[in-house]
Amino acid sequence: MAGKPKLHYFNMRGRMESIRWLLAAAGEEFEEKFIDTPDDLKKLKKDGCLMFQQVPMVEIDGMKLVQSRAILNYIAAKYNLYGKDIKERALIDMYIEGVADLNEMIMLLPGCPRDQKDAKITQIKEKTTNRYFPAFEKVLKSHGQDYLVGNTLSRADIQLVELLYSVEELDSSLLANFPLLKALKTMISNLPTVKKFLQPGSQRKPPLDEKAIEEARKVWKF
Amino acid sequence: MAGKPKLHYFDGRGRLDSILWLLAAAGVEFEEKFIETSKDLEKLRNDGSLMFQQVPMVEIDGMKLVQCRAILSYIAAKYNLYGKDIKERALIDMYVEGVADMNEMFIFLLITPPDEKGAKIAQIKEKAANRYFPAFEKVLKSHGQDYLVGNTLSRADIQLVELLYSVEELDPGILANFPLLKALKTRISNIPTVKKFLQPGSPRKPPMDEKCLLKVKEIFQL
């Protein structure tokens, strides 16, 4: 088990950000090797490092893992953030897959054609307030415990709070009617490892702005 | 742990197929409650049975699980088809996520307009032949064992073979260049539980036809 995990991705959130959050929350230091040009990506492919020719890829414990879910599952299991038995894991999986569905919509927003953007944003806000946030608020209300599953911190709490921050960036008013989600966000944000990750200078990546998207379009020609 | 698992979905492959295959391969008997109309779906939603208002939903071991990955992971873990430790699970996850990416292309094919279907099918064949099948052939070649991971049957073998059948329906000769995948397909197909599932009269669903597609559009108001 030599050395820190090494993350291969672009210098942006994308599909690597949830992995950064989980490693950070688990208190695991990691290195990042940024893919800055098409040649960088070509080299990784040529070296046979990417099972399906895609990133993210994480070098961890002697493996070169691709597929964000495989990576997240491994980290969660390794750091005991995946529940105590298969039933707790089933609940955690159900919750994080809901988080992933909403996150996917938000993640794809920068690449959305300008004339479709407003409609997409409306759709995201609608799904957030009518489907996803009520579902998670209901879970917390149903057992009255601090954490989503098993009265213990798990990846579900961390990945949900990551989502809450992303949604807040889109529209800070969306969290208003969800007091238990708000409380979860505060509690998780105050965990020492998460608090550190939320501070400037950490490996957390900023949201993509128009300038960054334009730069990316030039380099990657899309 | 009362009764058989109960699967809620429409009578077609869609996102339930992998779950059917895994339950069948594990030798688990199950019931199916088909959603025939949008009213059926509305009822499930109003009953609060669907955490994110979506199907598939599987009632199993006292839980109402949604999200395919949550359902598949639970079944795999319960029936010892998920590797012996977290590292084997990481490999299995990486492989099944690659399979899932290909399966997603089939899902999108369903809602692709007729004039774009040809291009989509060509894309599926290309990805299978140039990205995914070579990756899995390479895994089998690298260790020379009968199964993808840990020299033991796992969900990875079952889910990959399910994909091989799907792609073959589009391109019958595709396995010609992948002898180890062909051998895996034969081996898995001969497992008594899988053999039974592949026979007529089993719960296995045929490819989507126009009639089924119309029904699906009505159910989901597409």
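**Two chains and their contact**

Mentor: Let me begin with charge in chain A, where the mean positions of the 35 positive and 31 negative charges are 1 Å apart. Please keep in mind throughout that this is a predicted model.

Trainee: OK, switching to the fold, how many helices and strands does chain A have?

Mentor: Chain A has nine helices and four strands, and, read from the N terminus, its elements follow the order β-α-β-α-β-β-α-α-α-α-α-α-α. The radius of gyration of chain A is 18 Å, close to the 17 Å that the globule rule gives for 222 residues, so chain A is as compact as a globular protein of that length.

Trainee: What does the order of elements look like in chain B?

Mentor: Starting at the N terminus, chain B runs β-α-β-α-β-β-α-α-α-α-α-α-α, which comprises nine helices and four strands. Its radius of gyration is 18 Å, close to the 17 Å given by the globule rule for 222 residues, so chain B is as compact as a globular protein of that length. Along the principal axes, the C-alpha trace of chain B spans about 50 × 50 × 30 Å.

Trainee: What share of the residues counts as buried in chain A?

Mentor: In chain A 48% of the 222 residues count as buried, while in chain B 50% of the 222 residues do. As for the accessible surface, chain A exposes about 10,900 Å², with 52% supplied by carbon and sulfur atoms, and chain B has about 10,500 Å², with 53% belonging to carbon and sulfur atoms.

Trainee: And the contacts inside chain B, what percentage joins residues 24 or more positions apart?

Mentor: Of the contacts in chain B with a separation of 6 or more, 67% are between residues 24 or more positions apart; for chain A, counting contacts between residues at least 6 apart in sequence, 65% join residues at least 24 apart.

Trainee: Now the interface: how many residues of chain B are in contact with chain A?

Mentor: There are 36 residues of chain B in contact with 35 residues of chain A, and the two chains bury about 3,000 Å² between them, 66% of it on carbon and sulfur atoms.

Trainee: Which three residues supply more of the area that chain B buries than any other three?

Mentor: Those are Met51(B), Phe52(B) and Met94(B), which supply 21% of the area that chain B buries against chain A.

Note on methods:
Residues numbered from 1 in each chain as written. Chains lettered and ligands numbered in written order. Predicted model: local features only at pLDDT ≥ 70, side-chain atom pairs only at ≥ 80, totals over all residues. Heavy atoms only, no water. Helix = DSSP H or I, 4+ residues; strand = E, 2+ residues; numbered from the N terminus. Rg over C-alpha atoms; globule rule 2.2 N^0.38 Å. Buried < 20%, exposed > 50% of the residue type's maximum accessible area, 1.4 Å probe, protein only. Contact = heavy atoms within 4.5 Å. Areas by Shrake-Rupley, 256 points an atom, 1.4 Å probe, with all protein chains shown as cover. Buried area = accessible area lost by both parts, 1.4 Å probe. Lys, Arg positive; Asp, Glu negative; His and termini not counted. Charge placed at Lys NZ, Arg CZ, Asp CG, Glu CD.
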